[in-house]
Amino acid sequence: MDLENDFISFAASLFGVESSLISPETSMGDIPQWDSVMHLRLVMETEAKYGVSFPMQKVLEATSVSSIVSLIKEQLL
Amino acid sequence: MKVALLSNVTVSVLKTLLSETVDVWVPPGFGALVETALSPPEEMYAFSPDIIFLLIDRKFAGAPSLGDEESSLKSLRECFPGTPVVVPDISALAEEIGESFYDERMWTLASIPWSLSGMKEIAKLIAPLKKAVAVDLDETLWKGIAGEGKVVVRKEFQEQLLRLKKKGVLLVALSKNNEEDLAGAWNSEGMVLSPDDFVAKKINWQKKSDNLLSVAEELGIGVEAFVFIDDNPAERAEMRACLSEVAVSPFPPDIDTFFPSAGRGVMGEERSAFYQAERRRRETAAGKNLDDYLQSLEMRLEIRELSEEEVSRVSELSQRSNQFNLTTNRYSEEEVLAFLHDPSHFIAVLKVADRFGDLGLVAFVHASGSHIVDFVMSCRAMNRKLEFQIESFVEKELKKRGVSRITSLWRRTAKNAPVKDIYERMGFTLLSESEEEKYYERILG
């Protein structure tokens, strides 16, 4: 599975929704489960799962699947 | 299980972690711990928590003063009788976990001081309820090493474990030892626990996490139901690293944090009776106006002069009540006892029961000569118009003592605005008023 799909299924299980509800374009607020509180949880869980660390500014900016995935890629490369 | 979580920092993310296993109620607003504790909002009563946690973190946030913490505890105990109020030792946990407990970014962004792993550790303290204690022997259950001379029993700790066992908590011994060296230790003077008190014992030289895992399988309970107690930091670190679901206690252990309700079994019954009665009262109140509701409660009042057995309850009320407390003087038992024995003082008490239950002693009025010094009512009994009843009793009694004019005072505190105009409503005449105080008189006809 590529990173994007892996992240989508990870986020879907955190939010307790079907993976099909989440696409690379999905952003915070697009589904009710992804609110500002769960966004912080998503960031922290993502850091723990992928062994990355988001700079403070990015925690607030990276609020879509694609932006989070590119942040993970940046750090893993 | 229903958990109310009051904190001086933001617990929204922690709440999402806890919500997977327990029902969580968090007051609205940031850091509303003291505020909420001193005058619990209606929603908190409606939630009827099984347990209340005060999560106080002093790393970044302005933590409540010790005095505020103490008043918060007292107020919650008054408003939620029988409900355990637990203050976990977050700084001990932080010290145990080290730097990774905190996340300065999250503090800056969201007023959350903790990292994800920090919150997971806190969540373990709060839920789920633990079922078993896995405890080390040498230097933990007793001081000294079995097989190397005499050991000294840690009596208080063992008594705590025995009490837990009687409440149904499973005890497990995990010790790196030789079985034959232990016999002498178990027979030491003053030993409280015996080997039979342990549902399982693993006495060997294997990793303690492996031993705990196999005990959990034998007993058919999850490892997350275990609390692990060991004096050796290396063993605690090993358990944490290998079985992260196990709650690892700091040492010396604070067991009440892990078994908040087990330690207070009797009060648990008191709590359920209280909530059950409250729920029925709520159902009865639905759709009725206040007077009809009060009528339907069929209240039975007992109003009379304070007697000696009630001194401690009156002192407790003076210390625990914040909303209906006209002057907020806090009294020790000795002080109340002194009033009782001083003929120039008069204290009236009010007890109430209704068709749903007994609320006990819920109000007192304290007069010195002709002046009403204190007028205090428990949060359990507010909004029942009981203040009028006890006040008219006090008037009658003072009149019998030859008083023809009484005076009284309201003194502002952070919490007693709801009773700001209570003396006006009782027909007292306002003599003087400032921002901080209102002074009244009433001529007895």
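Trainee: Does Arg313(B) count as buried or exposed?
Mentor: In this predicted model, the cut-off for a buried residue is a relative accessible area under 20%. Arg313(B) has a relative accessibility of 14%. Because that value falls under the cut-off, Arg313(B) counts as buried.

Trainee: With which residue does Arg313(B) form a salt bridge?
Mentor: Side chains of opposite charge can pair when their charged atoms come close. For Arg313(B), the closest N and O atoms of the pair are 2.7 Å apart.

Trainee: How many residues apart in sequence are the parts that the pair of Glu78(B) and Arg313(B) ties together?
Mentor: Glu78(B) belongs to helix H4 of chain B, and Arg313(B) to helix H15 of chain B. The pair therefore ties together parts whose separation in sequence is 235 residues.

Trainee: How many of the 10 residues of helix H15 of chain B are buried?
Mentor: Helix H15 covers residues 311–320 and is mostly covered. Its buried residues include Val311(B), Val314(B) and Leu317(B), together with Arg313(B). They pack against elements of chain B, among them helix H4 (66–79) and strand E14 (357–368). The number of buried residues in the helix is seven.

Trainee: Which helix of chain B holds Arg282(B), the salt-bridge partner of Glu42(B)?
Mentor: The side chains of Glu42(B) and Arg282(B) meet in a salt bridge at 2.4 Å, N to O. Glu42(B) is partly exposed at 45% relative accessibility, and Arg282(B) is partly exposed at 31%. Both residues belong to a network of salt bridges that also links Glu278(B), Arg281(B), Asp354(B) and Arg384(B). Glu42(B) lies in helix H3 (residues 42–47), so the pair ties together parts 240 residues apart in sequence, and Arg282(B) lies in helix H13 (residues 265–285).

Trainee: What distance separates the C-alpha atoms of Pro343(B) and Gly369(B)?
Mentor: Pro343(B) is in the loop between H16 and E13 of chain B, and at 77% relative accessibility it counts as exposed. Gly369(B) is 26 residues from Pro343(B) along the chain. Their C-alpha atoms are separated by 8.9 Å.

Trainee: Which residues does Met56(A) touch, not counting residues up to four places away in sequence?
Mentor: Met56(A) is placed in helix H3 of chain A. Its relative accessible area is 33%, so Met56(A) is partly exposed. The residues touched are Arg105(B), Thr108(B) and Leu109(B).

Trainee: Which residue of chain A forms a salt bridge with Arg105(B)?
Mentor: There are two salt bridges between chain A and chain B. In the one with Arg105(B), the closest N and O atoms are 2.5 Å apart. The residue of chain A is Glu47(A).

Definitions and conventions:
Residues are numbered from 1 along each chain as its sequence is written. Chains are lettered from A and ligands numbered from 1 in the order in which they are written. This is a predicted model: local features need pLDDT of at least 70, side-chain atom pairs count only at pLDDT 80 or more; totals for chains, interfaces and linings use all residues. Side-chain values use heavy atoms; hydrogens and water are left out. A salt bridge is a side-chain nitrogen of Lys or Arg within 4 Å of a carboxyl oxygen of Asp or Glu. Buried means under 20% relative accessible area, exposed over 50%, partly exposed in between (1.4 Å probe, protein chains only). Helices (H or I, at least four residues) and strands (E, at least two) are DSSP runs, numbered from the N terminus. Contact means heavy atoms within 4.5 Å.
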